[in-house]
Amino acid sequence: MLDELRTAEDAAKKAGNLIRSLLGKVRVTDKGVSYNLLTGADTAAERVVIETIRNRFPGDAVLGEESAATSSLSAPRLWIVDPLDGTTNFVHGIPHFAVSIAFVLEGTVRCGVVHDPMRKELFSAKAGGGARCNGSPIRVSPAADLTKSVIGTGFYYDRGALMLRTLDSIRKLLGAGIQGIRRTGAASLDCCYVASGRFDGYFEYGLSPWDFAAGMLVVTEAGGVCTDVDGKERGIFSSGVICSNGAIQGELCGMVAGRKE
Ligand code: IPD
Ligand code: CA
Ligand code: CA
């Protein structure tokens with residue numbers, strides 16, 4: 001899996017440099033609603049990532065958020081790519097976004113990379129090989145319960161039932177005495193912040209595989225737990241994420257888990 005991991009790292013760095021160079025310089029459109037944005041950086045970064053992958057693994061399938069490369073999740077060798085996770089932040093000049101790339105073999109994520117080009121942090125994980133940030137091992141937090149925890153969340157692009165469910169969960173968590181709630185705007189980094197112990201848990205209803213495929217492996221390889229929104233483990237077939245350091249997973253799921261959408 002070393003070649004795939006190196007390829008993912010190379011692709012993420014190339015795309016990250018490109019995105020950083022385009023900050024404040026690209027045309028912004030939307031995907032049909034005023035709050036789901038698309039920029040030239042999303043599409044250009046995806047091109048760079050796919051080109052890098054195809055150069056080394058021409059026969060592999062790619063599922064990229066923005067491109068016509070729409071392979072199914074059941075392809076035996078599959079790359080899942082979010083070329084710019086955190087587009088709303090990018091558009092507003094908020095320096096918190098990432099490139100997320102996962103390599104999936106027979107339905108299981110084998111390696112994943114999440115690169116934050118502004119902080120120059122590259123999170124990576126290899127199945128069975130641990131999780132790292134810029135090459136140094138990372139570990140989830142030791143928080144033993146929710147009252148010692150900061151929890152991340154996000155809203156997807158929904159202003160209906162999912163939004164109300166998220167707000168309700170935030171209300172419950174704040175009522176349970178958590179130390180803080182964070183909505184930073186890049187799901188892949190939210191997972192990596194759990195993996196590195198900055199957050200103790202993170203939940204979001206209604207994500208796509210490119211938002212969490214890489215981050216999910218980074219969390220589990222850092223000693224954490226990552227499930228679908230109903231608390232069951234479904235890997236890339238999840239419809240959202242509840243993840244944590246493991247110690248608080250039961251309590252967190254008790255507050256926020258529900259039916260799968
Ligand atoms: C979004 C971000 C955001 C999350 C949304 C995602 P995008 O991805 O990760 O934090 O709340 O659910 O769709 O559109 O910026 O790639
Ligand atoms: Ca995303
Ligand atoms: Ca994206």
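The domain assignment divides the protein into domain 1 (2-137) and domain 2 (146-256); such bounds come from an automatic or database assignment. The model is predicted, so local features need pLDDT of at least 70 and side-chain atom pairs pLDDT 80 or more, while totals for chains, interfaces and linings use all residues. Residues are numbered from 1 along each chain as its sequence is written, chains are lettered from A and ligands numbered from 1 in the order in which they are written, and side-chain values use heavy atoms, without hydrogens and water.

The centres of the two domains, taken over C-alpha atoms, lie 20 Å apart. Contact (heavy atoms within 4.5 Å) links 38 residues of domain 1 to 24 residues of domain 2. The buried area between them is about 2,500 Å². This is the accessible area (1.4 Å probe) that the two parts lose on being put together, summed over both. Carbon and sulfur atoms give 67% of the area. Tyr35, His96 and Phe123 supply 23% of what domain 1 buries against domain 2, more than any other three residues.

The side chains of Arg198 and Glu121 form a salt bridge at 2.6 Å, N to O.

On the domain 1 side, strand 4 (77-85), helix 3 (87-91), strand 5 (98-105), strand 6 (108-116) and strand 7 (121-126) each give two or more residues. Strand 6 gives the most, with 7 residues. Helices (H or I, at least four residues) and strands (E, at least two) are DSSP runs, numbered from the N terminus.

Helix 5 (residues 187-195) contains Ser188. The helix is mostly covered, with 9 of its 9 residues buried. Buried means under 20% relative accessible area, exposed over 50%, and partly exposed in between (1.4 Å probe, protein chains only). Ser188 counts as buried because its relative accessibility is 0%. Beyond four places in sequence, Ser188 touches Asp85, Ala98, Ser100, Val114, Asp211 and Gly215. Just after helix 5, Gly197 takes a positive phi of about 80°.

Terms used: Salt bridge = Lys/Arg side-chain N within 4 Å of Asp/Glu carboxyl O.
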